[in-house]
Amino acid sequence: MNAANPLLPAACRIIGITDETPDVKTFRLQTQGGAKPFAPMPGQLAMISVPGAGEAMFSITAQGEDWIESSIKRVGALTEALHELSEGDAVGVRGPYGNHFPVDALKGKDLLFVGGGIGLAPIRSLIRYALEHREDYGKLDVLYGSRTTADLVFKEDLFGNWPQRMGTHITIDVPEDGWDGHVGFVPAYIEEKGFSPKGRACILCGPPIMIRLSLASLYKMGFEKENIITTLEMRMKCGIGKCGRCNIGSKYVCLDGPVFSMAELDELPPEH
Ligand code: FES
């Protein structure tokens with residue numbers, strides 16, 4: 001973050017674009033000087049701006065020596081503009097914003113990552129962290145679902161890298177020609193796999209209906225609210241607790257979140 005003015009974006013460029021699904025692209029970003037814009041912790045956010053189109057907050061899905069990556073779904077004018085960009089094009093990046101997944105508190109635990117659709121994007125930063133610090137964590141499992149195979153993000157991880165390194169459980173909502181993997185919704189698949197809550201934390205992110213039903217499954221299986229962690233996507237503008245766009249009760253998602261345990265969310269007003 002620019003210490004003198006946290007609202008000032010770093011001039012960056014796109015150094016790589018991956019087509020994940022028909023409406024999700026992953027953008028690899030670097031400063032114009034060839035450096036990483038900042039070093040985020042897993043779960044933190046970046047404000048990305050497109051000249052002439054505005055800016056919005058996105059989760060950071062991965063980082064390397066000299067880049068960060070964000071996976072962005074085309075949902076409105078700004079993301080539409082982002083999807084039109086090519087390698088070499090300029091964007092502004094400011095951050096990192098928000099808290100991060102509690103990587104220290106999770107040490108020694110088995111981790112179950114549960115994602116639906118683009119909800120795997122923020123979780124991927126923590127999966128990568130856990131794999132990089134493998135000796136700090138117990139058994140790792142990812143359970144991920146999307147509507148169709150075309151909607152599965154991060155296919156290289158899902159079918160290449162991850163199955164060799166952790167339990168990888170993939171499902172699609174409805175049967176499809178050529179797919180001999182699991183078919184069915186994420187919440188039912190969680191129960192079917194029967195993950196023990198003992199010594200295990202669940203990190204959950206996806207569409208609201210998937211979250212609600214997955215929570216019901218996890219509670220039924222005996223997971224405690226303290227051991228279920230989610231990350232919220234709220235409309236955010238300033239990223240620094242000034243504009244009041246992202247508050248839930250007395251909490252600001254941009255400062256106090258986006259990562260919350262279900263125990264923490266329980267204390268916030270029910271309308272959210
Ligand atoms: S985004 Fe402005 S207060 Fe959180």
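The model is predicted: local features need pLDDT of at least 70, side-chain atom pairs count only at pLDDT 80 or more, and totals for chains, interfaces and linings use all residues. Residues are numbered from 1 along each chain as its sequence is written.

**Overall fold**
- The protein chain has seven helices and 16 strands (DSSP runs numbered from the N terminus: H or I of at least four residues for helices, E of at least two for strands).
- Its radius of gyration is 18 Å, close to the 19 Å of the globule rule for 272 residues, so the chain is as compact as a globular protein of that length (taken over C-alpha atoms; the rule is 2.2 Å times the number of residues to the power 0.38).
- The C-alpha trace spans about 50 × 45 × 35 Å along its principal axes.

**Contacts**
- Of the contacts in the protein chain with a separation of 6 or more, 70% join residues 24 or more positions apart (contact: C-beta atoms, placed from the backbone, within 7 Å).

**Helices α4 and α5**
- The axes of α4 (residues 186-193) and α5 (residues 208-220) come within 8 Å and cross at roughly 20° (lines fitted to C-alpha atoms over the stretch in contact; angles run from 0 to 180 degrees between N-to-C directions).
- That makes α4 roughly parallel to α5 (angles under 35 degrees).
- From α4, V186, P187, I190 and E191 meet M210, L213, S214, A216, S217 and L218 of α5.
- The residues of this contact divide into seven nonpolar, two polar and one charged (nonpolar: Ala, Val, Leu, Ile, Met, Phe, Trp, Tyr, Cys and Pro; charged: Asp, Glu, Lys and Arg; polar: the others, Gly among them).

Conventions:
Contact = placed C-beta atoms within 7 Å. Parallel < 35°, antiparallel > 145°, perpendicular 65-115°, else oblique.
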